[in-house]
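Trainee: Before we look at the model, could you show me how each feature is to be read, beginning with the general idea and then turning to the case at hand?

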Amino acid sequence: MISIKQINKKDIDLCYELDSKTISLWSKKQWANEFKKEGTKILGLLFKNFVIGICVFQVVLDEAQINYFVVNQKFRKKGFGSYLMLYLIENCEKLSLKKLLLEVSQSNVSAERFYTRFDFYTVGVRKNYYKDGSHALLKEKKLTTK
């Protein structure tokens, strides 16, 4: 019923479509570029074989940067995002990574609350980072290697 699989570049349209319906972060060209970046992995969260969530992260040395994390609005607050995040954390720990990093808009209170539940702590601020003038909170989670 719920599964996670690695998404490849033939699924750019699918990624762009979900992004367009949620946070509208990247253009189709930006999505194409993500698939070309070294160390980047794109995970799809599937519910009944339908992609309802996407996580894009990039591994650099002993840490990973989450560049994109979204769940379709119809499936939020039902544990699907937590399922995807726990999967990501577990896999990063198996890779012996030391920390996970991300940035989130200070105005996105629900996302910030979500990340706090997984022990992400604010380690910095980028002032007026987003188009709307809101600040980006730089978050970090220390990992335990397995």
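Mentor: Buried means under 20% relative accessible area, exposed means over 50%, and partly exposed lies in between, with a 1.4 Å probe and protein chains only. Helices (H or I, at least four residues) and strands (E, at least two) are DSSP runs, numbered from the N terminus. This is a predicted model, in which local features need pLDDT of at least 70 and side-chain atom pairs count only at pLDDT 80 or more, while totals for chains, interfaces and linings use all residues. Residues are numbered from 1 along each chain as its sequence is written, and side-chain values use heavy atoms, with hydrogens and water left out.

Trainee: Which residues of α1 are buried, and against which elements do they pack?

Mentor: In α1, the buried residues are I12, C15, L18 and D19. Because they fall within an arc of 135° when seen down the axis of α1, they line one face of the helix; the arc is that of the directions from the helix axis to the C-beta atoms. They pack against α2 (28-36), β2, β3 and β4, where contact means heavy atoms within 4.5 Å.

Trainee: In what order do the seven strands of the open sheet lie?

Mentor: Strands of a sheet pair through backbone hydrogen bonds, either parallel or antiparallel. Two strands count as paired if DSSP finds at least two bridges between them. Here the order is β1-β2-β3-β4-β5-β7-β6, with mixed pairing, and the edge strands, each pairing on one side only, are β1 (2-6) and β6 (121-126). Strands β4 (residues 63-71) and β5 (residues 99-105) pair in the parallel sense over three bridges, and Q65 has L101 as its bridge partner in β5.

Trainee: How many aromatic pairs does a search of the whole structure find, and why is the pair of F69 and Y115 given its geometric class?

Mentor: Rings of Phe, Tyr and Trp (its six-membered ring) pair if their centres lie within 6.5 Å, and planes under 30 degrees apart count as stacked, over 60 as edge-to-face and the rest as tilted. The search finds 12 aromatic pairs. The rings of F69 and Y115 have centres 6.3 Å apart and planes at 75°, so this pair is edge-to-face. Since F69 lies in strand β4 and Y115 in helix α4 (residues 109-117), the pair ties together parts that are 46 residues apart in sequence.

Trainee: Are F69 and Y115 buried or exposed?

Mentor: F69 is buried, with a relative accessible area of 13%, and Y115 also counts as buried, at 8% relative accessibility. Ring pairs link F69, F114, Y115, F118 and F120 into a cluster.
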